[in-house]
Amino acid sequence: YYAELYSSDTDIDSYFSAWQANPSIGRPTINVNSLTDQSSVQSYVSQICQAIGSGTYMSIYADQAVGSDKLSWIDSALDSCN
């Protein structure tokens, strides 16, 4: 199961604290639609990575095509997960 941590297409993870209180509801999913720079992508992905630990998974959602820059930022952020 996936836990959508966002409430709209412009929200990123407003339900993060609710998920942290009960992570068994599903794997966390953040919305990257409104993230426009590498540091914000790194920050949000890193927050989830730290919350879930290594050897598990998360989900990243966008309701539109993700451009090559943003995809590169996501890839880099995921590579930084420990």
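Let me start with the sheet: strand 1 and strand 2 pair in the parallel sense over three bridges. One of the residue pairs is E4 with T29, the T29 side being in strand 2. Please keep in mind that this is a predicted model.

The whole sheet is open, has three strands in the order 1-2-3, and its pairing is parallel. Strand 1, residues 2-4, and strand 3 are the edge strands, each with pairing on one side only. From one strand to the next, the twist averages 30°.

Is S59 buried or exposed? S59 is buried, because its relative accessible area is 18% and the cut-off for buried is under 20%. Apart from neighbours within four places in sequence, S59 is in contact with Y2, P28, T29 and I30.

Now to helix 2, which packs on the sheet and touches strand 2 and strand 3. The direction of helix 2 makes about 175° with that of strand 2. Helix 2 covers residues 38-52, which is 15 residues, and spans 21 Å from first C-alpha to last, close to the 21 Å expected. After helix 2 comes G53, with a positive phi near 80°.

Which residues of helix 2 are buried? They are S40, V41, V45, I48, C49 and I52. These residues sit on the same side of helix 2, because the arc they cover around the axis is only 165°. The general point behind this is that an α-helix has 3.6 residues a turn, so residues three or four places apart point the same way. On the face turned away from the buried side are the exposed residues S39 and Q50.

What do the buried residues of helix 2 pack against? Their partners are helix 1 (16-21), strand 2 (27-31), strand 3 (59-61) and helix 3 (68-79).

C49 forms a disulfide with C81, and the two sulfur atoms are 1.7 Å apart. A search of the whole structure finds one disulfide. C49 is in helix 2 and C81 is in the segment after helix 3, so the bond ties together parts 32 residues apart in sequence. The torsion about the S-S bond is about 45°, so this disulfide is right-handed. The two ends can be described by accessibility: C49 has 10% and counts as buried, while C81 has 26% and counts as partly exposed.

Note on methods
Residues are numbered from 1 along each chain as its sequence is written. This is a predicted model: local features need pLDDT of at least 70, side-chain atom pairs count only at pLDDT 80 or more; totals for chains, interfaces and linings use all residues. Side-chain values use heavy atoms; hydrogens and water are left out. Helices (H or I, at least four residues) and strands (E, at least two) are DSSP runs, numbered from the N terminus. The expected span of a helix is 1.5 Å times one less than its number of residues. Buried means under 20% relative accessible area, exposed over 50%, partly exposed in between (1.4 Å probe, protein chains only). The arc is that of the directions from the helix axis to the C-beta atoms. Contact means heavy atoms within 4.5 Å. Two strands pair if DSSP finds at least two bridges between them. Axes are lines fitted to C-alpha atoms, for helices over the stretch in contact, and angles run from 0 to 180 degrees between N-to-C directions. A disulfide is a pair of cysteine sulfur atoms within 2.5 Å.
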